[in-house]
Amino acid sequence: MSTAALLRLDPDLGAGIPASQRAKAVRACRAEVLELPEGRWQEDDADFDNSGFGLIVLSGVLCRRVAQSESQGAEIVGPGDLLRPWDHLAEWSTIPIEASWEVIQPSRLALLDSDFARRAAPYPQVAAQLVRRALIRSRYLAILVAIIGQRRVETRLTMLFWHLADRFGQMSGEWVDIPVPLTHSTLAELVAARRPSVTTALSNLQDQGVVLRTHSGWRLSGTVPPDLLEVQARS
């Protein structure tokens with residue numbers, strides 16, 4: 001693994017550090033960077049010092065899946081998200097579950113181990129920002145819960161795409177490009193629906209001009225449907 005100045009790669013983590021201390025903080029807050037290719041990621045606890053903050057995503061997109069019996073859920077993890085893949089819920093969960101990771105796009109993660117934590121200790125603003133990132137990720141999960149609570153699969157997908165647009169979207173004229181190559185199967189996991197139902201719903205949404213598939217991901221109409229705003233207002 002290489003090392004890099006974390007506060008240069010993710011400047012928001014240094015928000016609040018006085019200008020007089022910033023250069024010193026940048027030098028102190030160096031972290032090892034892990035590069036992950038596309039495909040399944042089998043994290044190995046032995047490879048990490050798990051006594052620090054965890055891993056923070058610098059670039060790329062990952063999918064975390066959790067399976068319980070025949071049911072499966074998923075979440076999308078992207079730049080700025082904090083994770084601790086070595087904390088296995090199954091070790092203390094009453095309900096048997098299995099978790100796995102897939103790298104959807106080549107990703108770079110910074111390891112915020114115990115050495116990093118000690119060097120960053122004089123700058124409590126960094127720790128505060130990391131706590132904020134962890135809470136934001138939990139709120140993204142709450143949004144997913146609200147999405148899968150909608151009755152119609154088309155509504156779930158439309159809400160999911162707008163959620164992804166908020167996180168990853170890039171304006172392109174009257175459209176929003178979402179450069180995340182999510183398959184029908186992954187979308188089905190994200191909205192808690194069966195893949196054939198998602199395929200049918202996507203076909204309907206494309207016919208309506210709501211969403212289009214592109215070589216890099218998806219393209220969403222730049223106008224939020226009025227009925228979706230009504231659903232959001234009631235949520």
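D10 is buried, with a relative accessible area of 10% (buried means under 20% relative accessible area, exposed over 50%, and partly exposed in between, using a 1.4 Å probe and protein chains only). This is a predicted model, where local features need pLDDT of at least 70, side-chain atom pairs count only at pLDDT 80 or more, and totals for chains, interfaces and linings use all residues. Residues are numbered from 1 along each chain as its sequence is written, and side-chain values use heavy atoms, with hydrogens and water left out.

**Around D10**

- You'll find D10 in the loop between helix 1 (6-9) and helix 2 (19-28); helices (H or I, at least four residues) and strands (E, at least two) are DSSP runs, numbered from the N terminus.
- The D10 side chain makes a polar contact with the side chain of R133, at 2.9 Å. A polar contact is a pair of N or O atoms within 3.5 Å; within protein, one must be able to donate a hydrogen and the other to accept it, and residues adjacent in sequence count only if both atoms are side-chain atoms.
- Leaving aside residues up to four places away in sequence, D10 touches I56, G80 and R133 (contact means heavy atoms within 4.5 Å).

- Helix 4 has 25 residues and should span 36 Å at 1.5 Å a residue; its end C-alpha atoms are 37 Å apart, which agrees. The expected span here is 1.5 Å times one less than the number of residues.
- Helix 5 (residues 153-168) has 16 residues and reaches 22 Å from its first C-alpha to its last, close to the 22 Å expected.
- Helix 5 is also mostly covered, with 15 of its 16 residues buried.

**Salt bridges**

- There are 10 salt bridges in the structure, each one a side-chain nitrogen of Lys or Arg within 4 Å of a carboxyl oxygen of Asp or Glu.
- One of them joins E102 and R65, with the closest N and O atoms 2.7 Å apart. This pair links distant parts of the chain: E102 is in strand 7 (residues 98-112) and R65 in strand 4 (residues 54-68), 37 residues apart.
- E102 is partly exposed at 27% relative accessible area, whereas R65 counts as buried at 13%.
- Another brings the side chains of R137 and E75 together (2.7 Å, N to O).
- R118 counts as exposed at 55% relative accessibility, while D115 is partly exposed at 38%.
- Salt bridges that share partners join R65, E102 and E189 into one network.

**An open sheet**

- Strands of a sheet pair through backbone hydrogen bonds, either parallel or antiparallel.
- Here, 4 strands form an open sheet in the order 8-9-11-10, with antiparallel pairing; two strands pair if DSSP finds at least two bridges between them.
- Strand 8 (170-172) and strand 10 (211-213) stand at the edges, each with a single partner strand, so one side of each has no neighbour in the sheet.
- Strand 9 (residues 175-178) and strand 11 (residues 218-221) pair in the antiparallel sense over 4 bridges. I178 stands opposite W218 in strand 11.

**Two alanines to look up**

- A192 is in the loop between helix 6 (184-190) and helix 7 (195-207). Its phi is near 55°, a positive value in a residue other than glycine.
- A192 is partly exposed, with a relative accessible area of 46%.
- A31 lies in strand 2 (residues 30-36) and counts as buried at 4% relative accessibility.
- Not counting residues up to four places away in sequence, A31 touches S2, T3, A4, A110, L111, L112 and F116.
- The C-alpha atoms of A31 and Q150 are separated by 41 Å, and these two residues are 119 residues apart along the chain.
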